[in-house]
Amino acid sequence: MRFDWTDQGTPTVEAARCTGCGLCTRLCPDQMFQLENGKAQVVAGSFLGCIACGHCVAGCPTGCITVRGRGMTGDDALPLPPKDTQASADQLRTLMLTRRSIRRFTAEPVDRAALDQILEAATTAPMGIPPSDVGVLVFHGRDRVQAFSEDACAAFARLGWLLHPVTLTLMRPLLGKENHRAMRDFVRPLLQALVAERAAGRDDFTYDAPAAMLFHYGPESDGADAHIAATYAMLMAESLGLGSCMLGTTAGLSHDKQFKQKYGVPPKNKFGLGLVLGHPQEVFRRGIRRRLADVRFA
Ligand code: SF4
């Protein structure tokens, strides 16, 4: 989808069903609604206009608001399941505590229906200001994942010039000291190892997984949008009994035209996280806490 900051959503109110409760006037972050003669009217927004966040549609008690534009259609209002089916805090904590990065998978394939559910979960992620410019490449089946892995490792090999010590030294003022060190001491050896393992017939990139997803985002988007979508997808996979592992090295593919061309990804898009998926071979028995570097109530 082409991202245009000046595009606006178009809210419409079906006046006959509007009760004049005024909720939309309070929910809209840009004050797009006001009440006139007991009915909601769409007015010019005070700041950006309608960004198609969907707050009014989600809140309206009679469902009489439709928003179209900025990626939203009349079909994007989904019924909410009953409140008592919502995961409790304990259930959510169990899901998050149980999830671990899985790098060994059984031979069992991943159902297409499960992939659809995972993708649907990603569409509910808070991906910044609409329209979401996040895309996903889905690789379903070991053969397709292996082709992806091979193409990605070939792209990493082509990145050699960019990660060459001389190039990195020249780029150090742009990268900054810490990034330069990370590229030199971590990213470069890691990508080299992935390429070498692939050449030796081993798959240390996608771990012989039976399914994979690769999240990418447009030049106007924040990379965080793709990461948040991938995180939602990962949690849904966990709830479906699938193991997953996030791949951060996929960001390197952003620099490879050939890879993008082959998979139909727009040239200016960047890759966020990859996600490999499958049925886990091993069971973990404990959750592991990762400490936050610093927490303070300021
Ligand atoms: Fe009318 Fe819906 Fe707005 Fe209430 S929330 S005033 S019913 S459009």
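1. Asp 256 is found in the loop between β7 and α10; helices (H or I, at least four residues) and strands (E, at least two) are DSSP runs, numbered from the N terminus. Asp 256 counts as buried, at 7% relative accessibility, where buried means under 20% relative accessible area, exposed over 50%, and partly exposed in between (1.4 Å probe, protein chains only). Not counting residues up to four places away in sequence, Asp 256 touches Ala 155 and Arg 158; contact means heavy atoms within 4.5 Å.

2. The model is a predicted one, in which local features need pLDDT of at least 70 and side-chain atom pairs count only at pLDDT 80 or more, while totals for chains, interfaces and linings use all residues. Residues are numbered from 1 along each chain as its sequence is written, and side-chain values use heavy atoms, with hydrogens and water left out.

3. Gly 252 is also placed in the loop between β7 and α10. Its relative accessible area of 14% makes Gly 252 buried. With residues up to four places away in sequence set aside, Gly 252 touches Phe 156 and Leu 159. The C-alpha atoms of Gly 252 and Phe 271 are 7.6 Å apart, although 19 residues separate the two along the chain.

4. Which residues have the most contacts inside the largest nonpolar core? They are Phe 139, Phe 148, Phe 156, Phe 205, Leu 214, Leu 253 and Phe 259, in a core of 28 residues. A nonpolar core is a set of buried Ala, Val, Leu, Ile, Met, Phe, Trp, Tyr and Cys residues joined through side-chain atoms within 4.5 Å. Among the elements that give two or more residues to this core are β5 (134-140), α8 (177-199) and β6 (211-217); α5 gives the most, with 6 residues. Leaving aside neighbours within four places in sequence, the contacts of Phe 148 include Phe 139, Phe 205, Leu 214, Leu 253 and Phe 259. A second, separate core has 21 residues, including Ile 118, Ala 125, Ala 229 and Leu 277.

5. The cysteines deserve a separate remark. A search of the whole structure finds 0 disulfides, a disulfide being a pair of cysteine sulfur atoms within 2.5 Å. For Cys 245, the closest cysteine sulfur is that of Cys 153, at 14 Å, which is too far for a bond. Cys 245 is buried, with a relative accessible area of 2%, and Cys 60 is buried at 16%.

6. Where is the enclosed space? The whole structure holds 1 cavity of 30 Å³ or more, and the largest cavity has a volume of about 100 Å³. On a 1 Å grid over the protein atoms alone, a cavity is a set of points where a 1.4 Å probe fits but cannot get out, and a pocket is an open set with protein on both sides within 12 Å along at least five of seven lines; lining residues have an atom within 4 Å of a point. Of the 15 residues that line the largest cavity, Cys 18, Cys 21, Cys 24, Cys 60 and Pro 61 are the closest to its centre.

7. The second largest pocket has a volume of about 460 Å³. Among its 14 lining residues, Met 96, Arg 99, Arg 100, Ile 288 and Arg 290 are the closest to the centre. Two or more residues of this lining come from each of α3 (89-98) and α9 (223-239).

8. Pro 130 and Pro 131 are joined by a cis peptide bond, with omega about 0°, and Pro 131 lies in the loop between α4 (112-122) and β5. Gln 31, a residue other than glycine, has a positive phi near 50°; Gln 31 is partly exposed, with a relative accessible area of 45%. Asn 37 has a positive phi of about 55° although it is not a glycine, and Asn 37 is exposed at 80%. Most residues other than glycine have a negative phi, and most peptide bonds are trans.

9. As to the whole protein, the secondary structure comes to 10 helices and 8 strands. Of the 298 residues, 36% count as buried. The C-alpha trace spans about 75 × 45 × 45 Å along its principal axes.

Terms used: Points joined across faces, edges and corners; volume = space filled by probe spheres on them.
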